[in-house]
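Open the model in your viewer and keep the selection panel at hand. The tour goes from ring to ring, then into the core.

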Amino acid sequence: MTTLTESDARFIERMGLLAQSDGLSRIAGQIWAVLIVSDDPVSSSELVGLLRISKASVSTNTCFLERLGIVERRTLPGERQVFFSIRPNPYAAFLEGQMKRYETAKTVVEEAKSSITNHQTRAKLADLEKFYAMYHKSLTDMLEQLNAAASEDRKQDSGTGL
């Protein structure tokens with residue numbers, strides 16, 4: 001990766017803070033941002049140097065971003081080190097992961113409702129179940145929109161010879 005511009009550096013720092021404010025790791029947000037501004041895959045050692053973080057932090061946070069479906073691990077011919085890049089349609093994969101986690105949470109609530117007899121607790125569980133159902137529906141709608149947009153982008157790219 002080439003040197004970062006001042007705008008790149010500011011974006012990377014702000015994405016780190018934004019991720020942190022959302023309950024994620026600041027470093028995960030910074031790595032995500034580096035991969036957004038990079039035209040090519042970025043090596044672990046480049047991430048260490050650019051962000052002035054340890055190899056362990058790179059490993060931990062890139063694994064986390066991989067689990068979210070945002071980042072993919074790559075190897076390059078003739079290179080021994082690992083490289084990372086933003087995967088195609090990353091936010092659809094991110095939403096799919098969220099949907100799976102909320103389906104699991106909804107199952108936990110349903111099981112609790114079947115065994116808990118306290119009326120007030122059951123009412124609170126019903127509210128939580130409604131929330132999960134609405135959240136899942138909104139994620140499903142957003143996923144459909146993202147996939148449709150990605151499909152349209154692919155059609156446009158193939159139509160222009162890119």
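Select Phe 131. This residue is partly exposed, with a relative accessible area of 40%. (Buried means under 20% relative accessible area, exposed over 50%, partly exposed in between, with a 1.4 Å probe and protein chains only.) The model is predicted: local features need pLDDT of at least 70, side-chain atom pairs count only at pLDDT 80 or more, and totals for chains, interfaces and linings use all residues. Residues are numbered from 1 along each chain as its sequence is written, and side-chain values use heavy atoms, leaving out hydrogens and water.

Now show the rings. The structure holds five aromatic pairs. In the pair of Phe 131 and Tyr 135, the ring centres are 5.7 Å apart and the planes at 20°, so the pair is stacked. (Rings of Phe, Tyr and Trp, its six-membered ring, pair if their centres lie within 6.5 Å; planes under 30 degrees apart count as stacked, over 60 as edge-to-face and the rest as tilted.) Extend the selection to Tyr 102 and Tyr 132: ring pairs link Tyr 102, Phe 131, Tyr 132 and Tyr 135 into a cluster.

Next, select Leu 47. Not counting residues up to four places away in sequence, Leu 47 touches residues including Ile 31, Val 34 and Phe 84 (contact means heavy atoms within 4.5 Å).
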